[in-house]
Amino acid sequence: MSKVAVVYWSGTGNTEAMAKAIEEGAKSAGAEVSLLEVESFKAATAPEYDGLIFGCSAMGDEVLEEGSFEPVFTDTEKHLSGKPVALFGSYGWGGGAWMESWVERTKGDGAKLFSNGLIVENAPGDAELADCRKLGEDFVRSL
């Protein structure tokens, strides 16, 4: 059984809804899943997981949330080389440039990136939540 962490930050609940759907999908594919708000995740535990799925909303000028998420992700980067990683998040403006930058950054860390990030504009509807569940399932099956 694969062990996966879904680590997220959500300001309005949109990214949290995505995280819960991803967790459902990962569990349905047979993984042991830890769903963690970013404040509860410790970078030093990253090696304990077979795969990591990170979620963060776009903030400000399309950047990762800087108060909680960015410091934890930065601390975790030293553990990402060779690690399967997926990214997701929601946005309310712009076109997803924060995800493009985050994907490139994560690739630069040497992570085995799964897809180019799943983004949802505003609140996820049924179709977007189905995409999230599929991401969780497909990610676990790829491990």
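**A. K107 is partly exposed, with a relative accessible area of 41%.** Here "buried" stands for under 20% relative accessible area, "exposed" for over 50%, and "partly exposed" for values in between, all with a 1.4 Å probe and protein chains only. The model shown is predicted, so local features need a pLDDT of at least 70 and side-chain atom pairs count only at pLDDT 80 or more, while totals for chains, interfaces and linings use all residues. Residues are numbered from 1 along each chain as its sequence is written, and side-chain values use heavy atoms, with hydrogens and water left out. K107 forms a salt bridge with E104, the closest N and O atoms being 3.8 Å apart; a salt bridge is a side-chain nitrogen of Lys or Arg within 4 Å of a carboxyl oxygen of Asp or Glu. E104 counts as exposed, at 51% relative accessibility. Both residues lie in helix α3, 3 residues apart, which is about one turn of the helix. Helices (H or I, at least four residues) and strands (E, at least two) are DSSP runs, numbered from the N terminus.

E16 and K20 form a salt bridge in which the closest N and O atoms are 3.4 Å apart. Because these residues are 4 apart in helix α1 (residues 14-28), about one helical turn separates them. E16 counts as partly exposed at 26% relative accessibility, and K20 also counts as partly exposed, at 39%. Side chains of opposite charge can pair when their charged atoms come close.

**C. In helix α4 (residues 126-142), D138 and K134 lie 4 residues apart, about one turn of the helix.** Their side chains meet in a salt bridge, with 2.6 Å from N to O. D138 is partly exposed at 25% relative accessibility, and K134 is partly exposed with a relative accessible area of 46%. Elsewhere, salt bridges that share partners join E70, E77 and R105 into one network. The count for the structure comes to 8 salt bridges.

**D. In helix α2, the residues F69, V72, F73 and T76 are buried.** Seen down the axis of α2, these buried residues fall within an arc of 95°, so they line one face of the helix; the arc is that of the directions from the helix axis to the C-beta atoms. The buried residues of α2 pack against β1 (3-9), β3 (51-56) and α3 (97-108).

**E. K83 lies in the loop between α2 (69-76) and β4 (84-91).** K83 is buried yet has no salt bridge, and the nearest side chain of opposite charge, that of D50, is 6.3 Å away; Lys and Arg count as positive and Asp and Glu as negative, while His and the chain ends are not counted. The side chain of K83 does reach the backbone oxygen of Y49, at 2.3 Å. Leaving aside its neighbours within four places in sequence, K83 is in contact with several residues, including A46, P47, G51 and L52, where contact means heavy atoms within 4.5 Å.

The structure holds 0 disulfides, a disulfide being a pair of cysteine sulfur atoms within 2.5 Å. The sulfur of C56 is 15 Å from the closest cysteine sulfur, in C132, which is too far for a bond. C132 is likewise in no disulfide. C56 is buried, with a relative accessible area of 0%, and C132 is buried with a value of 0%.

Terms used: Polar contact = N/O pair within 3.5 Å; in protein donor to acceptor, adjacent residues only side chain to side chain.
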